[in-house]
Amino acid sequence: APDPNAVAERIGTAAAVERSAKELEGLLNAPQVDLILDGSYEAGSPNPFWTEFSTNFGTPLCTVAGCGAGTGTGPRTGLWWAWFGGIGAYENGSTSQAVVIPSGGAATLKFWVEQFVCSGNPADYLEVAVDGAQEWVTLATDPACGVLGYREITVDLSAYADGNSHTIDFISEIFGPTGSNFFVDDVSLEADSGGGEPCEVPSDIPWLTLDATNGSNGGGTDTDVTVTFDSTGYAVGTYTGNLCVGSDDPDPGP
């Protein structure tokens with residue numbers, strides 16, 4: 001149960017995380033299964049994966065030690081979470097990250113939200129936007145207001161599964177004078193390539209080109225094919241693809 005003597009507003013800002021160049025490089029190059037990097041915000045602030053903004057606090061990213069828990073749960077997992085609002089005045093906060101969503105399949109954004117403290121003002125909101133287009137929103141009049149504990153939200157982003165980079169934004173505005181608290185934690189983005197083995201359902205790799213895509217060889221001969229990649233416009237990260245080669249040789253050998 002929440003502490004009845006606790007303060008619903010943020011009491012401050014979490015201490016900034018100081019990292020050496022080696023530590024930062026390790027974070028950026030760590031292997032990732034999920035398309036979202038650091039979905040639980042455990043890399044802290046300043047975060048190497050998320051772009052952070054807050055009108056009053058500099059960042060929405062919090063720890064209980066730095067911000068309090070606002071009479072709510074605080075982080076769902078770990079030590080860090082994103083706290084939007086937290087003040088009885090105008091506050092605009094956001095966290096954003098650019099991701100490449102593979103083409104040809106389903107893509108589902110999942111995250112957890114708690115909004116125990118709500119002003120009742122329908123102007124106060126938390127939304128998810130992709131490339132500036134709103135894909136999900138909750139208001140300070142939502143039935144989830146006053147419910148202690150996180151609920152999981154799923155948003156279908158399959159329309160963006162085109163092999164290109166898209167910006168995922170969590171954005172909130174609180175207008176005061178009564179505050180609202182929107183908590184977000186454990187963000188993930190699951191995507192697939194449309195089913196089947198990679199070469200059964202091929203799709204274009206937009207950052208890769210070949211100087212030849214077909215041809216023929218006599219027995220015992222070979223032909224060089226130049227493969228070129230172009231990283232222009234892509235966020236720092238690891239990108240993978242499957243280059244499939246087929247043949248109409250009735251006896252292709254091993």
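Predicted model: local features only at pLDDT ≥ 70, side-chain atom pairs only at ≥ 80, totals over all residues.
Which residues do ring pairs link into a cluster? They are Y41, W50, F111, W136 and F170.

Residues are numbered from 1 along each chain as its sequence is written, and side-chain values use heavy atoms, with hydrogens and water left out.

Now to the rings themselves. A pair of aromatic rings is described by the distance of the centres and the angle of the planes. Rings of Phe, Tyr and Trp (its six-membered ring) pair if their centres lie within 6.5 Å; planes under 30 degrees apart count as stacked, over 60 as edge-to-face and the rest as tilted. Searching the whole structure gives 8 aromatic pairs.

One of them joins W81 and F183 edge-to-face, at 5.4 Å centre to centre and 65° between the planes. This pair links distant parts of the chain, 102 residues apart: W81 is in strand β3 and F183 in strand β10 (strands are DSSP runs of E, at least two residues, numbered from the N terminus). W81 counts as buried because its relative accessibility is 0%, and F183 is buried too, at 2% (buried means under 20% relative accessible area, exposed over 50%, partly exposed in between, with a 1.4 Å probe and protein chains only).

Finally, look for charges over rings (NZ of Lys or CZ of Arg within 6 Å of the ring centre and within 35 degrees of the ring normal). R10 lies over the face of F57, 3.9 Å from the ring centre, while R76 lies over the face of W112, at 3.6 Å.

Technical notes
Helix = DSSP H or I, 4+ residues; strand = E, 2+ residues; numbered from the N terminus.
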